Amino acid sequence: MRSVMSGNEAIARGAWEAGVTVATAYPGTPSTEILENVATYPDIYSEWSVNEKVAVEVAIGATEVGARCLSAMKVVGLNVAADPVFNASYVGTPGYVVVVADDPGRYSSQTEQDNRRLGPYAKLPVLEPATSQECKDFVRAGIELSERFGTPVMLRTTTRTSHSKGLVELGGRVEKTDPPALVRQPRYSLLPGLTRTRHQELEERMSRIRAWADESHLNRIEMADAEVGIVACGAAYQFAREAFPRASFLKVGMSYPLPEKLVRDFRAKVRRLYVVEELDPFLEEQIRLMGVQVDGGAELLPRWGELDPYLVATGLARAGVPGANPIFTTQPAAPVQGLPMRPPTLCPGCGHRGVFTVLSRLKVFVAGDIGCYTLGILPPFNALHSDICMGASIGTAHGIEKALGATARDKKNRKVSVIGDSTFFHSGMTGLLNIVWNGGSSVVIILDNRTTAMTGGQETPAMGRTLSGKEAPAVDMEALCRALGVSRVQTVDAYDLAALETSIKAALDADEPAVIIAQAPCVLEYKIKWEPWVIEADACTGCMRCLRVGCTALGVIPAAEVGREKDLVTIDASLCIGCGVCAQMCRFDAIHAPAGKEG
Amino acid sequence: MTTTTTTTTTNLLLAGVGGQGVILASYLLSQMALEAGFDIKQSEVHGMAQRGGSVVSHLRFGREVHSPLFTAGTADILLSFEPLEALRYVNWLKPEGILIYNTVQVNPSTVASGLAKYPDRIEERIAEAHAHVLGINAVAIATQAGTARATNLVLLGALSPRLPFTDEQWDAVLRRELAPAILEVNLRAFQLGKEAAKV
């Protein structure tokens, strides 16, 4: 049976077909849908772990009893998980595939790192699918490879392969015959004294995998016109196939280690050899290290951003490579200039809006974090001044305070951290403990919307249920912060601007760490829609103060259109969810709740 | 206006605003291409898109399709859910390509907060920018069918005469993919969209 699947859906299907029984992840674009889809297969235990590091540790434990496992994470998630991933390589976990979704083009990630480098770095093989079909098949191949050589295997996708859809031929499930059993295995104890021979074994393991690569069905030569030969993998292979329809290809499925004999065979068959890949020249470096002549690679293509057929065709054609598809070398018409951008924005009714309206007014320095609230960096708020990585809002604010020393309490140096509830659980808790321990007095505002909102509303430890929909204990966030040693903890209604302002000011004046939990459930995830509010046209002076809340439900009608002196603000009833935040900005009482719902 | 043929790859670009149903429309079109026996690649970017940002989806079908992306100047059809997004992506069309768009404007956040101005005479500017253009008020037509939420089905209806799919294939896919509770109103919206495109 054939189905249209995204790469991520196909990876989930592949996990099921490969007999995986344990799958773990923390949500992160573009990898999130992998576990969301795995959770639809009842044969697999799946969980959102608290962060990527925990996700990998859970999987390592599961391999200890012989379970086939998969973990999934986004590009920077691997940085969080790197410690257990490196150690999993030293252990040699069998039946374990780590999926990492990189993001050339930085559609939703802060870095554009090429995680294929982890292959040689952590000494594990890297598979790179180019289609949804391969996303599915390579999970199975990865599990087999992992069991055969006793190594974790990295399956590396990009935003394009994870989120593109294509045809997938479905297959059946192959389960392991022996049931899980807890057998004590010395290689799971990485005590320095006991791991004396492990590094050597790792190098020998890689040599065996390198030899196997030449026999592997994961790599193939596609001979056509012998004038131009292109080595490519992943989405870049698809772009290159369109850009050079008559060229011959070495289609690489395992990008580390490369099949040396196959590379030499291919070189001997073509007159000119090119390497087409996104981000780092990872294949090219390996090929050049073999002493194989490459006629062009990284220098012909952009080294950052995502490729497409136009960039591949023009990049190579400029260097004199014949056979580019003329459709992709014609300079297209320029886009229409001067159009207003349409950046993402906080939803109408979003609980973060009130917090950023107040912070913008207080003019404090705001150390931000990773989530929807990162949008507080944009106009009209301009109320987020640093944004590093998951959980960093808390550590960076503490560092600012300690480096400023005595001047940290000057009015111009006041600062707060803002962090979402899911991000706080992911890696904010340790930072908070660090502040308490080291005598900091930071103000940490936890934007508690009861979900992992930016990635599409995934479960959190405070939500009362797990990925599979099972009921779970909901963490008491106030009690958690108190347990970490913060005595000044307060929960505030995120829609109440006056209460927020009072609470933040008091916390800034206090000489101790403070946590303010600004609470409002995500309107998107919880489908919140109260009655829309209305503008009383006679009372609206057109001062536009309400627009400072940056809500797309608000609009402006030019004065001329309504026959008055000043422009008039309107509320789009189809977008307004009735949160009332804009009304709290109005000094003329012109914005009202619908009749009978005042206050 | 021409109809796309079945011998080459058809490049279809869908553009709109997060929350307008662009993703569902692309999904339905990919199911249509599957029903009709084509190879398919479809690609969009998720992430921050649903927060009111621009959403773009590439759909390609034909005998054998490699790249999930095509590039500016190579689209056979641009289906835009919003006029500003139509103007933003109109250069993606081939000279002989067709633009079908919804004439109802959605303000970007930059316009809502008074930082930018929505372009004047947008429909005239679209007509100046491209030769083969059809603008319809898909929201009004959807409302006439029963709900403004069926705007995406009105647009699919308007698009349907330009695609190599039969009425039977459309009917089979829509009945299979849409929830029973919303099926009838969506079928009506599709039909009205198709009629609007004949004018």
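**Entry 1: a strand pair across the chains**

I began at Lys165(A), which stands opposite Gln42(B) in strand 2 of chain B. This is a predicted model, in which local features need pLDDT of at least 70 and side-chain atom pairs count only at pLDDT 80 or more, while totals for chains, interfaces and linings use all residues. Residues are numbered from 1 along each chain as its sequence is written, chains are lettered from A and ligands numbered from 1 in the order in which they are written, and side-chain values use heavy atoms, with hydrogens and water left out.

I then looked up the strands around that residue pair. Strand 8 (residues 164-169) of chain A runs antiparallel to strand 2 of chain B, and 3 bridges join them. For my own reference, two strands pair if DSSP finds at least two bridges between them. Helices (H or I, at least four residues) and strands (E, at least two) are DSSP runs, numbered from the N terminus.

**Entry 2: the rest of the interface**

How many residues of each chain are in contact? I find 52 residues of chain B in contact with 50 residues of chain A; contact means heavy atoms within 4.5 Å. The two chains bury about 4300 Å² between them, with 62% of it on carbon and sulfur atoms. Buried area here is the accessible area (1.4 Å probe) that two parts lose on being put together, summed over both.

I looked for charge pairs next, and the rule finds 3 salt bridges across the interface of chain B and chain A. A salt bridge is a side-chain nitrogen of Lys or Arg within 4 Å of a carboxyl oxygen of Asp or Glu. Glu85(B) and Arg342(A) meet this way through their side chains, at 2.5 Å from N to O.

Which elements of chain B supply at least two residues each to the side that touches chain A? My list has helix 1 (22-35), strand 2 (39-44), strand 3 (54-62), helix 2 (83-89) and helix 3 (109-112). Strand 2 of chain B gives the most, with 6 residues. By class, I note 21 nonpolar, 21 polar and 10 charged residues on that side of chain B. The classes are Ala, Val, Leu, Ile, Met, Phe, Trp, Tyr, Cys and Pro as nonpolar, Asp, Glu, Lys and Arg as charged, and the others, Gly among them, as polar.

Strand 5 (residues 96-102) and strand 7 (residues 153-158) of chain A pair in the parallel sense over 6 bridges. Within that pair, Ala101(A) stands opposite Thr157(A) in strand 7.

**Entry 3: the parallel sheet of chain A**

I also followed an open sheet of 6 strands in chain A, ordered 15-14-16-17-19-18, with parallel pairing. Strand 15 (386-387) and strand 18 (488-493) have a single partner strand each, so one side of each is left without a neighbour in the sheet. Strand 17 (residues 443-448) and strand 19 (residues 514-519) of chain A run parallel, joined by 6 bridges. There, Asp448(A) stands opposite Gln519(A) in strand 19.

**Entry 4: backbone checks**

Where did I find cis peptide bonds? One joins Thr29(A) and Pro30(A), with omega about 10°, and Pro30(A) lies in the loop between strand 2 (22-25) and helix 2 (33-38) of chain A. Another runs from Pro379(A) to Pro380(A), with omega near 5°; Pro380(A) is in the loop between strand 14 and strand 15 of chain A. I also noted Lys123(A), whose phi is positive, near 60°.
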